[in-house]
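Subject: Structure for you to look at

Hello,

Here is the structure I promised to pass on. Please open it beside this email and follow along.

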Amino acid sequence: MADTTTSDATRTDNSKPVLRPADPRFSCGPVKKYPGWSWDAIADAPLSRTHRAGAPVARIKESIERTHALLELPADYKVALLPGSDTGAMEAAMWCLLGQRGTDVFSWDVFGNRWTYDARDELKLKDLRVFKTEPGILPDVAQYDPARDAIFTLNGTAAGVWVPDLDWIADDREGLTLCDATSAAFAVGIDWSKIDVLTFSWQKCMGGEAQHGMLVMSPRAIERLNTWRPDWPIPGLLQLHANGKANMGVYEGATLNTPSLMAVEDYLAALKWASRIGGLPELIRRREENFAALDAWVQGADWVDYLCETPAHRSPVSVCLKYTDRAVMAAGAEAQWELTKKISSLLERENAALDISMHRASVPGIRIWCGPTVERDDLAALGPWLDWAYREALDAG
């Protein structure tokens, strides 16, 4: 594991690695397109058509049906396409479902903090409990109360922490579970018996465009819509009710605003690719191999380690690494951010890695995507380039 010895002041022998990643795109969102993607994938998009016409509605319905099949959802779960990426889907669920009973929010990541803000400062929920930790630390999910609604992130994209299992969620719960799974859906297995609402965006594991969000609803969540309407105003873009009941049209291809049919076609192409290669089991296998390739390098690195110190809680999808060299740590956060910037610039100049800086709302370090659209060989080749860039950045002062 990482050695925290002080770095040498200069590195006179720092040769560039011979093997370069074939594709340098390791961004945690939007993520790399699936292997073999080209512009031909969206050539048949019904552009310049109304989204209410037959062909466009059929494309939207197909995206819903393929999502349902690929995620291996229970037959009675519903899927809808919503505006505003994962944020729009999650906020629609929060605005329309919460308030009937107390709510618990488990937050350790940028977007967990976003849901905390929404619940506390926008919806102003009267009965709210927040379990919040710093990046790299999973909150104590054992504090979950099955009589209350619960909001949590399945995989913290900017914190390198995931929820490894859902055993803590009661089968006989009274409240609803709302899960932000934008960087977990299609990359990990999900026990749907524990999930009432789940949201994700196309721009993460499937490599789609950052345009729309997907909302998965259990029968219990639909029933909540049919029997409960909050007393706060609900914007039209977040409105899941119609005539006082659940708007079932959104689960059949209707949309709350005009969708991008180009983006829909791109998502459909990704769903078809995933089905061709073996479906969800193959997507998970690819992610496992990707993480193993990167982990092999991390275990031998002498200047970084996982931000999450608990192995079981470490995200195998969005890998977040912190600096461990004592001299770098002693320099302080701003100096570490500058080091991250230098490393990223060097790697971009060499076309060896793009967009691997940690999210600015997290802690300084490196963040690398291991989702199913990335190739294992590219991650295996990335490690030596990270070592090279780190040493070059130190030499540059």
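Start with the open sheet of 3 strands, ordered S12-S13-S14, where the pairing is antiparallel. Bear in mind throughout that this is a predicted model. Strand S12 (304-306) and strand S14 (366-369) are the edge strands, so called because each pairs on one side only. Neighbouring strands here are turned by 35° against each other on average, direction ignored. Look next at strand S13 (residues 318-323), which pairs with S14 in the antiparallel sense over 4 bridges. Helix H8 (residues 333-349) touches S13 and S14. The direction of H8 makes about 125° with that of S13.

Now the other sheet. What is the order of strands in the open sheet of 7 strands? The order runs S1-S9-S8-S7-S4-S2-S3, and the pairing is mixed. Its edge strands are strand S1 (78-83) and strand S3 (128-132), each pairing on one side only. On average, neighbouring strands of this sheet are turned by 15° against each other, direction ignored. Inside the sheet, strand S2 (residues 103-107) and strand S4 (residues 149-153) pair in the parallel sense over 4 bridges. Find Val105 there; Ile151 in S4 stands opposite.

Two helices to check on this sheet:

- Helix H1 (residues 54-70) packs on the sheet and touches S1, strand S8 (197-201) and strand S9 (212-217). Its direction makes about 130° with that of S1.
- Helix H3 (residues 110-122) packs on the sheet too, touching S2, S3, S4 and strand S7 (177-180). Its direction makes about 150° with that of S2.

H3 has a helix partner as well. Helix H2 (residues 85-97) packs with H3 at an angle of about 35°, and their axes are 11 Å apart. The crossing is right-handed. From H2, the residues in contact are Asp86, Thr87, Met90, Glu91, Met94 and Trp95. From H3, they are Phe111, Arg114, Trp115, Asp118, Ala119 and Glu122. By class, this contact has 6 nonpolar, 1 polar and 5 charged residues.

The axes of helix H6 (residues 279-300) and helix H9 (residues 376-395) come within 8 Å and cross at roughly 20°. That angle is under 35 degrees, so H6 counts as roughly parallel to H9. Their crossing is right-handed. Glu289, Asn290, Ala293 and Trp297 in H6 meet a set of H9 residues, among them Arg376, Leu379 and Asp387. The contact of H6 with H9 holds 6 nonpolar, 2 polar and 3 charged residues.

Where does Leu256 lie? Leu256 is in the loop between strand S11 (245-246) and helix H5 (261-277). Leaving aside neighbours within four places in sequence, its contacts include Leu82, Pro83, Gly236 and Val250. Leu240 is 16 residues from Leu256 in sequence, and the two are 8.7 Å apart, C-alpha to C-alpha.

Last, confidence. The mean pLDDT of the protein is 94, and 97% of its residues reach 70 or more. Over residues 1-10, though, the pLDDT is below 50. That stretch has 24 contacts in the model beyond near neighbours in sequence. Where pLDDT is low, the predicted coordinates should not be read in detail.

Best wishes

Notes
Residues are numbered from 1 along each chain as its sequence is written. This is a predicted model: local features need pLDDT of at least 70, side-chain atom pairs count only at pLDDT 80 or more; totals for chains, interfaces and linings use all residues. Side-chain values use heavy atoms; hydrogens and water are left out. Two strands pair if DSSP finds at least two bridges between them. Axes are lines fitted to C-alpha atoms, for helices over the stretch in contact, and angles run from 0 to 180 degrees between N-to-C directions. Contact means heavy atoms within 4.5 Å. pLDDT is the predictor's confidence in each residue, from 0 to 100. Angles under 35 degrees count as roughly parallel, over 145 as roughly antiparallel, 65 to 115 as roughly perpendicular and the rest as oblique. A crossing is left-handed if the near helix is turned anticlockwise from the far one by less than a right angle, and right-handed if clockwise. Ala, Val, Leu, Ile, Met, Phe, Trp, Tyr, Cys and Pro count as nonpolar, Asp, Glu, Lys and Arg as charged, and the others, Gly among them, as polar.
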